[in-house]
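Please read the points below with the sequence and the model open.

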Amino acid sequence: MSATVSFSLPSPRGPRTVTLSYARVGTGEPLLLLHGIGHHRQAWDPVVHILAGERDVIAVDLPGFGESPPLPEGLTPDLGTVVPALGALCEALEIERPHVAGNSLGGLLALELGREKLVRSVTAFSPAGFWSQAERRYAFGVLLAMRHTAGRIPVPAVETLSRTAAGRAVLTGTIYARPGRRSPEAVVAETLALAHAEGFAQTLREGATVQFTDDVPGLPVTVAWGTKDRLLVRRQGIRAKHVIPRARLVRLPGCGHVPMNDDPALVARVILDGSR
């Protein structure tokens with residue numbers, strides 16, 4: 001069941017109220033889950049029930065995505081704003097230094113939370129920020145094309161496509177290696193989430209100059225990459241290992257850019273091992 005929490009963040013024009021939507025389930029040490037750009041917290045649904053057996057799991061809709069409204073006027077969806085917002089979310093929920101796992105944009109945010117010492121461990125699946133300029137332009141071009149397609153296909157057509165494995169591949173094959181495993185309902189929901197994501201354009205613009213270049217010392221870090229990632233190619237994982245030399249680099253055989261649906265058991269094991 002979803003809930004919302006509101007808190008104040010400073011801005012050049014004075015304090016602004018930020019509201020984020022989240023779902024929380026399970027018991028144990030807290031674990032924050034962060035999705036990628038254009039997605040929503042339900043991207044983690046395939047693994048939440050596994051994680052909830054050992055963790056207090058909080059899956060968050062990032063600002064301007066899913067059920068979370070965009071940041072208010074005066075706040076920009078860059079790392080300097082969203083990372084403190086996630087820290088404020090934890091404070092509002094009375095969570096002290098959770099573990100964090102993120103995918104894509106969420107992986108980059110997870111690493112930044114680790115660098116700011118706001119979390120106790122980091123697991124990043126295909127995190128953004130380790131690209132070359134050519135790789136970034138390619139990824140942004142693919143994301144813009146996906147967004148354009150999601151916004152142009154009528155909802156009845158999305159529903160029809162989602163009923164077949166081939167149709168699910170058309171809609172989500174860029175991010176999943178095994179799109180046929182995704183349920184029709186989930187495919188419809190995430191296609192609409194991408195089409196209606198109010199924070200997409202500005203968040204993508206803010207990411208144009210992002211490059212992760214500093215180590216994350218003092219806490220356990222796992223970087224995991226799917227062998228069939230078609231959006232952020234897996235050689236970026238090698239770069240991540242050079243930047244964060246103590247990180248555990250994990251290969252996810254047969255998984256795409258969003259691996260949680262491709263191999264839920266493997267993804268859950270990587271998160272739990274990294275947070276023990």
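1. Basis of the note. This is a predicted model, in which local features need pLDDT of at least 70 and side-chain atom pairs count only at pLDDT 80 or more, while totals for chains, interfaces and linings use all residues. Residues are numbered from 1 along each chain as its sequence is written, and side-chain values use heavy atoms, with hydrogens and water left out.

2. Salt bridges in total. Side chains of opposite charge can pair when their charged atoms come close. A salt bridge here is a side-chain nitrogen of Lys or Arg within 4 Å of a carboxyl oxygen of Asp or Glu. Across the whole structure, the search finds 13 salt bridges.

3. The pair Glu67 and Arg41. These two residues form a salt bridge whose closest N and O atoms are 3.6 Å apart. Glu67 lies in the loop between strand E4 (55-61) and helix H2 (79-92), and Arg41 in the loop between strand E3 (29-34) and helix H1 (45-51), so the pair ties together parts that are 26 residues apart in sequence. Helices (H or I, at least four residues) and strands (E, at least two) are DSSP runs, numbered from the N terminus. Buried means under 20% relative accessible area, exposed over 50%, and partly exposed in between (1.4 Å probe, protein chains only). Glu67 is partly exposed at 48%, whereas Arg41 is buried at 6%.

4. The pair Asp214 and Arg115. The closest N and O atoms of this salt bridge are 3.2 Å apart. Asp214 lies in the loop between helix H8 (200-206) and E7, and Arg115 lies in helix H3 (residues 105-115), so the pair ties together parts that are 99 residues apart in sequence. Asp214 has a relative accessibility of 41% and counts as partly exposed; Arg115 is also partly exposed, with 24%.

5. A buried pair and a network. Glu190 and Arg182 form a salt bridge, with the closest N and O atoms 3.3 Å apart. Both Glu190 and Arg182 are buried. Separately, salt bridges that share partners join Arg41, Asp61 and Glu67 into one network.

6. A charge without a partner. Which side chain of opposite charge is nearest to Arg136? Lys and Arg count as positive and Asp and Glu as negative, and His and the chain ends are not counted. Arg136 is buried yet has no salt bridge, and the nearest side chain of opposite charge, Glu135, is 9.8 Å away. Arg136 belongs to helix H4 (residues 133-152). Apart from neighbours within four places in sequence, Arg136 is in contact (heavy atoms within 4.5 Å) with Trp131, Gly207 and Ala208.

7. Helices H5 and H7. Helix H5 (residues 155-162) packs with helix H7 (residues 184-196) at an angle of about 145 degrees, and their axes are 8 Å apart. Axes are lines fitted to C-alpha atoms, for helices over the stretch in contact, and angles run from 0 to 180 degrees between N-to-C directions. On the H5 side, Val155, Val158, Glu159 and Ser162 meet Pro184, Val187, Val188, Thr191 and Leu192 of H7.

8. Trp225. This residue lies in strand E7 (residues 221-226) and is buried, with a relative accessible area of 3%. Trp225 and Ser126 are 99 residues apart in sequence, yet 5.1 Å apart in space, C-alpha to C-alpha. Leaving aside neighbours within four places in sequence, the contacts of Trp225 include Ser126, Pro127, Leu232, Val250 and Leu252.

9. The loop between H2 and E5. Glu94 is exposed at 73%, and Arg97 is partly exposed at 36%. Ile95, also placed in the loop, is buried at 8%. Apart from neighbours within four places in sequence, Ile95 is in contact with Arg24, Pro30, Ile58 and Cys90.

10. Cysteines. How many disulfides are there? With a disulfide taken as a pair of cysteine sulfur atoms within 2.5 Å, the count comes to zero. Cys90 is buried at 8% relative accessibility, and Cys255 is buried at 0%.
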